[in-house]
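Reader: Could you take me on a close look at one part of this model, the sheet, and at what else stands out around it? I would enjoy a connected walk-through.

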Amino acid sequence: MDTTHDTRAPAAQNGGQSQLPQVQEHLPRNPGMPLDVDWVASVQANTSAIERRAATLPGRRSVKKEFQAAWLCKAVSLIDLTTLAGDDTDGRVRRLCAKARQPVSPQILAALGMEGLTTGAVCVYHDMVETAVDALKGTNIPVAAVSTGFPAGLSPFRLRIAEIGESVSAGAAEIDIVISRRHVLTQNWQALYDEMAEMRAACGDAHVKAILATGELGTLRNVARASLVCMMAGADFIKTSTGKEGVNATLPVSLTMIRAIRAYEARTGVKVGYKPAGGISKAKDSLTYLALMKDELGDRWLQPDLFRFGASSLLGDIERQLEHYVTGAYSASWRHGMA
Ligand SMILES: O=C[C@H](O)COP(=O)(O)O
């Protein structure tokens, strides 16, 4: 993180860590726009330049001490705490939700002046939505459901649409849909737009995150174009990965998607959120992502309505680092189980 700028977390900039930064404005949803195929076709991605810039990011001087602790608390508030396993049970999901309510031990949070800190959301499969909603009663933590035949997205289209409705009825406030990769690989932008628009409509008031599964899209140019088409069709967030592809969130992909978000805002005035997901498990990596968002899109994209980490194990490492900051000692990672 470049320390030539004021990179302290907003909580620290406000003169203390006891206040989480508040969202000042009520963000309208992305209404979408008609498909502009000329704009899509004009989008290029300079892969070597993107990779060069991405390679510089982790090596930049990182924030230290109380500033690092403040940024790590910020990262916690932006996690979609996730369990997406075939052996998920009610018990596991309830334990995960308890962790979302109290992501770091009360003693550590008290020492940091960060009581009340929670994760951004809990993310589960459809069958676990009701359990999660129940376990999070009395909090403002939304439940996100992965949907539309996650992770491959190859079940019959009408069933994918029906699945969205079921999850919304069960109480999911956010729906993470997966796109049809083949529409991108065959450059069928109309099909991608129509699919995304119909899925968005099926979500109703629930916010929709479009998972691009970037590890299966072949090129960064495809990633950029698919990002744009999903935003044109009304995606509230664009998300890198299901976590189940061979390659999930990477910095080059993130830079590509973030710049698509910037281009969309410049053209339409609409802010779309970003969710890197899959394989983000180290506190240090979360700081790199936050610095990237701050550099490329600005502080507004450091709020949970515009940025989330999709992560099942990141919280454990952040908790260890915060404990180290407060006590001077590292605890064993097994002491920070998620669920
Ligand atoms: O959407 C979230 C991802 O599935 C989480 O991936 P992860 O288990 O590698 O953190």
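Author: Gladly! Two strands pair if DSSP finds at least two bridges between them, and strands (E, at least two residues) and helices (H or I, at least four) are DSSP runs numbered from the N terminus. This is a predicted model, where local features need pLDDT of at least 70, side-chain atom pairs count only at pLDDT 80 or more, and totals for chains, interfaces and linings use all residues. Residues are numbered from 1 along each chain as its sequence is written.

Strand 3 (residues 143–146) and strand 4 (residues 174–178) run parallel and share three bridges; Ala145 has Ile175 in strand 4 as its bridge partner. Both strands belong to an open sheet of eight strands in the order 7-6-5-4-3-2-1-8, with parallel pairing. At its edges lie strand 7 (273–275) and strand 8 (309–311), each pairing on one side only. From one strand to the next, the twist averages 25°.

Now for two helices. Helix 8 (residues 157–169) packs against helix 10 (residues 189–203) at about 25°, their axes 8 Å apart (axes are lines fitted to C-alpha atoms, for helices over the stretch in contact, and angles run from 0 to 180 degrees between N-to-C directions). Because angles under 35 degrees count as roughly parallel, helix 8 is roughly parallel to helix 10. On the helix 8 side, Ile161, Ile164, Gly165 and Val168 meet Glu198, Met199, Ala202 and Cys203 of helix 10, contact being C-beta atoms, placed from the backbone, within 7 Å.

Key:
Parallel < 35°, antiparallel > 145°, perpendicular 65-115°, else oblique. Contact = placed C-beta atoms within 7 Å.
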